[in-house]
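Visitor: I would like to go through this model term by term. Please set each value against its cut-off.

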Amino acid sequence: MKYKIALLPGDGIGPEVTDAAVKVLQFVAEKIGLDLSYSYHLMGGCSYDANETPLTDATLSACYDSDAVFLGAVGGIKWETLPHHLKPEAALLKLRKSLGLFSNIRPAKVYNALLDASSLRPEVLSGTDLVIFRELTGGIYFGEPRGYDENKGWNTLVYTTEEVERIARKAFEVARQRRGMVTSVDKANVLESSQFWRKVVHQIHKEEFSDIKLNDMYVDNAAMQLVRNPKQFDVILTQNLFGDILSDVAAMITGSLGMLPSASLGEKYALYEPVHGSAPDIAGQNKANPLASIASIGLMFSYSFNLPEIGLAIEKAIEKTLGKNFRTADIYSDGMTLISTTIMRDEVLKSLEEIFEEKNSAVAV
Ligand code: IPM
Ligand code: MG
């Protein structure tokens with residue numbers, strides 16, 4: 001089986017973290033004899049500079065022609081004043097919508113080695129292992145009508161039965177392989193669209209997933225509970241905008257936005273990207289944390305190549321590297337060894353090599 005990967009490094013630190021991701025992908029593919037082909041494409045501000053559009057048809061068709069897409073990051077100050085439809089962020093939304101990536105998975109796992117890197121107390125964080133299922137192609141991000149004039153601005157929040165059902169199913173299915181709990185986050189005390197969301201989620205739960213423990217939580221409370229006691233969560237299921245906000249909160253539980261990977265899946269296509277943005281302030285300085293990108297490659301192995309054991313090995317390699325006290329600036333604390341993006345990449349590769357060696361010798365015995 002040969003897999004085609006479309007690589008979209010994008011803007012800011014995107015190319016640096018993509019380099020780390022690709023090195024890990026290549027290394028593992030060679031180890032296990034997985035046949036991969038890559039192609040690089042412009043997207044975001046760099047595409048606007050070259051082609052006057054942040055997403056060309058050529059890039060889009062390369063994604064349609066791929067088995068998996070990897071995206072570094074898009075955006076930057078340089079393009080902030082462009083009209084809405086030419087902004088790098090608009091390209092990302094168009095890509096998600098065009099590929100039908102309705103299910104956005106953002107795992108937030110606290111590594112013991114990083115307990116001191118968070119602004120929250122270690123005893124609050126220790127043992128946290130949650131995953132956010134964010135609906136990604138609907139809700140207020142895409143609802144019509146939308147716009148603004150001199151006196152007002154407006155957006156529309158709509159969810160259909162089908163849209164809620166399909167993301168709810170994904171969340172329940174994954175909860176079944178985890179600790180069997182789903183927290184559905186909404187604002188049903190104020191919004192009709194949330195009352196509808198809640199009704200559909202409960203219907204699916206009753207009909208297909210009654211073995212899963214389901215509870216509802218208002219989004220303001222969920223934000224508070226995430227920093228108060230994150231251990232209470234297993235799977236969080238929520239709409240597009242709430243998921244955007246809550247996943248940044250969850251990122252800080254892990255110590256840094258630089259740690260959070262993501263997978264966006266549809267019926268046919270898959271996109272993997274670190275949750276952090278393009279961080280223009282540190283771009284090109286070899287300072288960025290590549291771990292979210294590397295962890296996103298782990299998700300690619302689990303979800304696109306159906307090799308969860310490799311996904312786990314990559315996660316272990318990250319843990320092992322952190323255990324050796326290597327830190328990029330964003331997760332640095334006293335007594336640790338401060339290293340660059342490329343050294344972190346190479347250290348993870350070394351840890352991966354060690355993990356593969358351990359596995360081989362275990363098999364030989
Ligand atoms: C994210 C980002 C995007 C979003 C932006 C860049 C459009 O914040 O992936 O969380 O809002 O979805
Ligand atoms: Mg966001």
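Visitor: In which loop is Ala 279 found?

Guide: Ala 279 is found in the loop between strand 12 (270-272) and helix 10 (291-303). Helices (H or I, at least four residues) and strands (E, at least two) are DSSP runs, numbered from the N terminus. A word on the ground rules: this is a predicted model, where local features need pLDDT of at least 70, side-chain atom pairs count only at pLDDT 80 or more, and totals for chains, interfaces and linings use all residues. Residues are numbered from 1 along each chain as its sequence is written, chains are lettered from A and ligands numbered from 1 in the order in which they are written, and side-chain values use heavy atoms, with hydrogens and water left out.

Visitor: What makes the phi of Ala 279 worth a remark?

Guide: Most residues other than glycine have a negative phi. Ala 279 is not a glycine, yet has a positive phi of about 35 degrees. Asn 325 also has a positive phi, near 70 degrees. Asn 325 is found in the loop between helix 11 (308-323) and strand 13 (326-327).

Visitor: Why is Ala 279 called partly exposed?

Guide: Buried means under 20% relative accessible area, exposed over 50%, and partly exposed in between (1.4 Å probe, protein chains only). Ala 279 has 25% relative accessibility, so it counts as partly exposed. Asn 325, at 31%, is partly exposed too.

Visitor: Which peptide bond is cis?

Guide: The one that joins Glu 144 and Pro 145, with omega about 0 degrees. Most peptide bonds are trans. Pro 145 has its place in strand 6 (residues 143-148).

Visitor: Why is the aromatic pair of Tyr 159 and Trp 197 called edge-to-face?

Guide: Two values decide. A pair of aromatic rings is described by the distance of the centres and the angle of the planes. Rings of Phe, Tyr and Trp (its six-membered ring) pair if their centres lie within 6.5 Å; planes under 30 degrees apart count as stacked, over 60 as edge-to-face and the rest as tilted. By this rule the count comes to six aromatic pairs. Tyr 159 and Trp 197 are 5.2 Å apart centre to centre, with 70 degrees between the planes: edge-to-face. The pair links distant parts of the chain, 38 residues apart: Tyr 159 is in the loop between strand 7 (153-156) and helix 6 (161-177), Trp 197 in helix 7 (residues 192-208).

Visitor: How do you know whether Tyr 159 is buried or exposed?

Guide: From its relative accessible area of 7%, so Tyr 159 is buried. Trp 197, at 2%, counts as buried as well.

Visitor: Why is Arg 176 with Asp 211 called a salt bridge?

Guide: Side chains of opposite charge can pair when their charged atoms come close. A salt bridge is a side-chain nitrogen of Lys or Arg within 4 Å of a carboxyl oxygen of Asp or Glu. The closest N and O atoms of Arg 176 and Asp 211 are 2.8 Å apart, and the pair forms a salt bridge. Arg 176 lies in helix 6 and Asp 211 in the loop between helix 7 and strand 9, so the bridge ties together parts 35 residues apart in sequence. By this rule the count comes to 25 salt bridges.

Visitor: How far apart in helix 12 are Glu 347 and Lys 350?

Guide: Three residues, so about one helical turn separates Glu 347 and Lys 350 in helix 12 (residues 341-364). Their side chains meet in a salt bridge (3.1 Å, N to O). Glu 347 counts as buried at 11%, whereas Lys 350 is partly exposed at 46%. Elsewhere, salt bridges that share partners join Asp 19, Lys 23, Arg 345 and Asp 346 into one network.

Visitor: What makes Arg 134 lie over the face of Tyr 141?

Guide: A charge sits over a ring if NZ of Lys or CZ of Arg is within 6 Å of the ring centre and within 35 degrees of the ring normal. Arg 134 lies over the face of Tyr 141, at 5.3 Å from the ring centre.
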